[in-house]
There are 2 protein chains.
Amino acid sequence: MTPLKNDTLIRALLRLPTPYTPVWLMRQAGRYLPEYNATRTRAGSFLALARNPELATEVTLQPLARFSLDAAIVFSDILTLPDAMGLGLTFSEGEGPRLERPLREERDIRKLAVPDPQEQLGYVLETIRQVRSALAGSVPLIGFCGSPYTLACYMVEGGGGADFRAVKAMLYSRPDLLHHILQVNCRAATALLNAQIEAGAQAVMIFDTWGGTLGTAEYREFSLSYMQQIVEGLRREHEGKRIPVILFTKGGGGWLEALAGSGCDAVGVDWTVDLAAARQRIGHRVSLQGNLDPAVLLAGRPAIRAGVAAVLAAYGNGAGHVFNLGHGVTQFTPPDHVAALVEAVHELSPPYH
Amino acid sequence: MTPLKNDTLIRALLRLPTPYTPVWLMRQAGRYLPEYNATRTRAGSFLALARNPELATEVTLQPLARFSLDAAIVFSDILTLPDAMGLGLTFSEGEGPRLERPLREERDIRKLAVPDPQEQLGYVLETIRQVRSALAGSVPLIGFCGSPYTLACYMVEGGGGADFRAVKAMLYSRPDLLHHILQVNCRAATALLNAQIEAGAQAVMIFDTWGGTLGTAEYREFSLSYMQQIVEGLRREHEGKRIPVILFTKGGGGWLEALAGSGCDAVGVDWTVDLAAARQRIGHRVSLQGNLDPAVLLAGRPAIRAGVAAVLAAYGNGAGHVFNLGHGVTQFTPPDHVAALVEAVHELSPPYH
C-alpha cells in the first residue's frame, strides 16, 4: 500500500509530535452536505447507500473534496452489525433507525450469533478497500463500530429510545441475559474491527453513544469492560504500522481515568468536559480527541473561530490532541461553517506545536 | 404554623444528625399512580390540574397516603413561569410541553417581563397554603422552580427539543439576547421561590434539567451563575426556620465543586455519579441528594433493595444524605416498587446514623 502523505492524525493519536493539530469530524460525511443528499437519493435509501461500496466510497470522500480534513472515516452505521445478526435494520425518515426484531425473549437472545464480517458485512470491507485505493495515501482512513452496550441498547429497545427502559429493566432484573448479548456483541465487534483493519482501516474508533446513561458501577460492568475486551482482541499492527484505537463514551466525562486505562491510544471527549482538565487527568497516558460543541457550527464564523481557539488553548502545548467535535455534525450545519472550522484549526494550531 | 413532626428532611439538608436517611422522590406525584390519573382526568388536563389548588393539593398528597415519604413536593410544573410570562403553555398527549409563542425575535425578548407571583401564579401559592394546612406538620413541603437556563431552553425552543439548536445558536451567536432572557428568568424565579417560601414552602429546589448539555465555560456563564444569583436573592429563613435550598443540574457531575460553592445547602446528583466520590468532592460543604437510577424501579424488589443498599453504602456513615432518585419517577413504575424503595431506605439506613 502507498505510504501516508499526511500522517498527522496517526501521529497525534500516538502522542508523537506534529506541525499542527489534525482535525476530522464525527459524521463529516452526512446530511449537511448537498452532494451527500444527492448520492443518497440516487441510492434510494440510507441503507442502500451504506450497502453499496461504490456509493459509500463516494460519500466517504465528499467532505475531503471540500475541506482539508486530516482523515477520512468509512461511511457506514454502527447498526449494520445487529442487522448482520438478523435483527432487521430499517431507517424511516425523521424517526431514526429501527430494528424490526428487538431482543425481548430469552430464546432469541440465546440464539444470537457472531456474524462473519467477510460474508455478512463484506460491503463495509469492500468500501474500506475502495476508499483506501481512492485516497492513495493522502490521509488515513478510520474504521469504526458501536460499543457492545450501545449496540445492545438498540438491539433490546428496537430503536434509539429516550429512556432505554427495556434495556435498563434487563440490566437490573436479568443481568445474565444482557451479559450474554454483550458477549456476542463484543466478539462480533472485535471480528468486525479486525476485518476492517485487514481491509485497510488505519485507525479504529469505538462509539459508545449510550454508555453515559449508566451509573458508574454499571458503566464499568456493562460498557467499559467489553470495550476493553475489544481493545485487547484487536490486531494493533498492520502493514508494518501501529493501528491506534480511539474510545469515545458520550457523557463519559466522569470516567476518563477508567477509559484511559483500557489499553486504548486515545479517548474522545464530548463538549461538556473541559479539555484542560481532561488532559491533566489522563493526557499523560493517552491522546485526547475533541471537543467543540457541534452547536457552535450553527453560529457564525467569528463564534466558530473563537470556539476553535478556546479548544486549542484548553488542550495547550504539545502532542496528543486530535481536533474534533464533541459529537457528530448536525444536518443543520452550513457546509461553509465546517470549512471555517477546519481552516481555523490549521491556522491557529501551529503555535501549540 | 404547626411545628414539624418529621423534620428529618430539613435536618439532613442542613447536615444535622437524623436517626435514618430521609427519602422523597422527584415526580413522586405523577402518572405512575392510578389515583393521579383519575384526578387528572377529573381536572380535564394537566394544566387544569396544575391550576386548580384543590386538585393540585389532592395529587400532592397522594404519594404520602401510600408511602411513608419524608417530604411532600408541591404539584406544579416549571413551565408555569414562562406561561405566566405570556408564552402560552400547552401539553399534548405523548408529546410533552409546548410553548406556543417561543422567543425567536429580539423585540419579543426585549418585551419579556417578570410576572408577579401573587397575581399570575397565585394558584401555585394557594396550593402550597392548602398542602401545608393538610399536612398539619407531618412532613415538610418542598417548593421548586426551573433554572433560568432550563426555562430559557423551553422558551427559545418552544418545547423540549433533543438538540436545543435554537437556544444553542442564540448562545453562540447572540449571547447578549440569551443573557437578557436569563436575567428576566432569574428575577422571576427568585420572586416565585420567595413567594413560595412566604406561602409555606419549607425547602426549595431549583431544577436545572438542561444545564448539563452545556460546555463547562458555558455552564458557568449561562446556567450556574444565574442559579447562584437566585440563591443569593432568596429569603433563607421563614417562621423562624432556616429554608434549605437544593440545586440539581442533571448531567452536572463534572461541576459538583462549582455547584457546592453556589451558596446552596444541598446538591442533587444524578445516577451517573458515584455518591462516594461526590461526597469526597463536596460532602464537607453541602448535603447530597440522590441518586438511584429511576430504571431500577422497573426491576423487581430484590434489585430495588440492592440498589438502595448500594446508594446508602456509597454515601456511607453520618449526616447529610437525602435519598432520592437520580431523576424523576417514570410513568412505567409499578407503585408497589416505590413502596419497596421507601421501605428499604427506612429499614437499611439507620445503621449509617
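Reader: Are A:Asp293 and B:Lys168 buried or exposed?

Author: This is a predicted model, and the values given here are computed from it. The cut-off for counting as buried is under 20% relative accessible area. A:Asp293 and B:Lys168 both fall in that class, so the state of the pair is buried.

Reader: What joins the side chains of A:Asp293 and B:Lys168, and at what N to O distance?

Author: A:Asp293 lies in the loop between β10 (287-292) and α15 (301-315) of chain A, while B:Lys168 lies in helix α10 of chain B, so the pair joins two chains. A salt bridge requires a side-chain nitrogen within 4 Å of a carboxyl oxygen. The two side chains meet in a salt bridge, N to O, at 2.8 Å.

Reader: How many salt bridges does the rule find across the interface of chain B and chain A?

Author: The pair B:Lys168 and A:Asp293 forms a salt bridge between the chains. Polar contacts between chain B and chain A, with both residues at pLDDT 80 or more, come to eight residue pairs. For salt bridges across this interface, the count is two.

Reader: Which helix gives the largest share of the side of chain B that touches chain A?

Author: The residues on that side of chain B divide into 12 nonpolar, six polar and five charged. The largest share, five residues, comes from one helix of chain B, residues 165-173, which is α10.

Reader: How much area do chain B and chain A bury between them?

Author: The contact takes 23 residues from chain B and 23 residues from chain A. In chain B, the residues that lose the most area to chain A are B:Arg165, B:Tyr172 and B:Thr272, together 29% of what that side buries. Of the area buried between the two chains, 64% is on carbon and sulfur atoms, and the total is about 1,800 Å².

Reader: Which residue forms a salt bridge with A:Arg110?

Author: A:Arg110 is partly exposed at a relative accessible area of 42%. The closest N and O atoms are 3.1 Å apart, and the partner is A:Glu106.

Reader: How far apart are the closest N and O atoms of B:Arg129 and B:Glu126?

Author: Both residues sit in helix α8 (residues 122-135) of chain B; they are three residues apart, so about one helical turn lies between them. B:Arg129 is partly exposed, with a relative accessible area of 39%, and B:Glu126 is partly exposed at 28%. The two form a salt bridge, and the distance between the closest N and O atoms is 3.2 Å.

Reader: How many disulfides does the structure hold over all chains?

Author: A disulfide needs two cysteine sulfur atoms within 2.5 Å. For A:Cys153, the nearest cysteine sulfur, that of A:Cys145, is 14 Å away, so A:Cys153 is in no disulfide. For B:Cys145, the nearest cysteine sulfur is that of B:Cys186, at 9.4 Å, and B:Cys145 is in no disulfide either. Over all chains, the number of disulfides is zero.

Reader: What is the relative accessibility of A:Cys153?

Author: B:Cys145 is buried, with a relative accessible area of 2%. A:Cys153 also counts as buried, and its relative accessibility is 0%.

Technical notes: Residues are numbered from 1 along each chain as its sequence is written. Chains are lettered from A and ligands numbered from 1 in the order in which they are written. This is a predicted model: local features need pLDDT of at least 70, side-chain atom pairs count only at pLDDT 80 or more; totals for chains, interfaces and linings use all residues. Side-chain values use heavy atoms; hydrogens and water are left out. Buried means under 20% relative accessible area, exposed over 50%, partly exposed in between (1.4 Å probe, protein chains only). Contact means heavy atoms within 4.5 Å. Buried area is the accessible area (1.4 Å probe) that two parts lose on being put together, summed over both. A polar contact is a pair of N or O atoms within 3.5 Å; within protein, one must be able to donate a hydrogen and the other to accept it, and residues adjacent in sequence count only if both atoms are side-chain atoms. Helices (H or I, at least four residues) and strands (E, at least two) are DSSP runs, numbered from the N terminus. Ala, Val, Leu, Ile, Met, Phe, Trp, Tyr, Cys and Pro count as nonpolar, Asp, Glu, Lys and Arg as charged, and the others, Gly among them, as polar.
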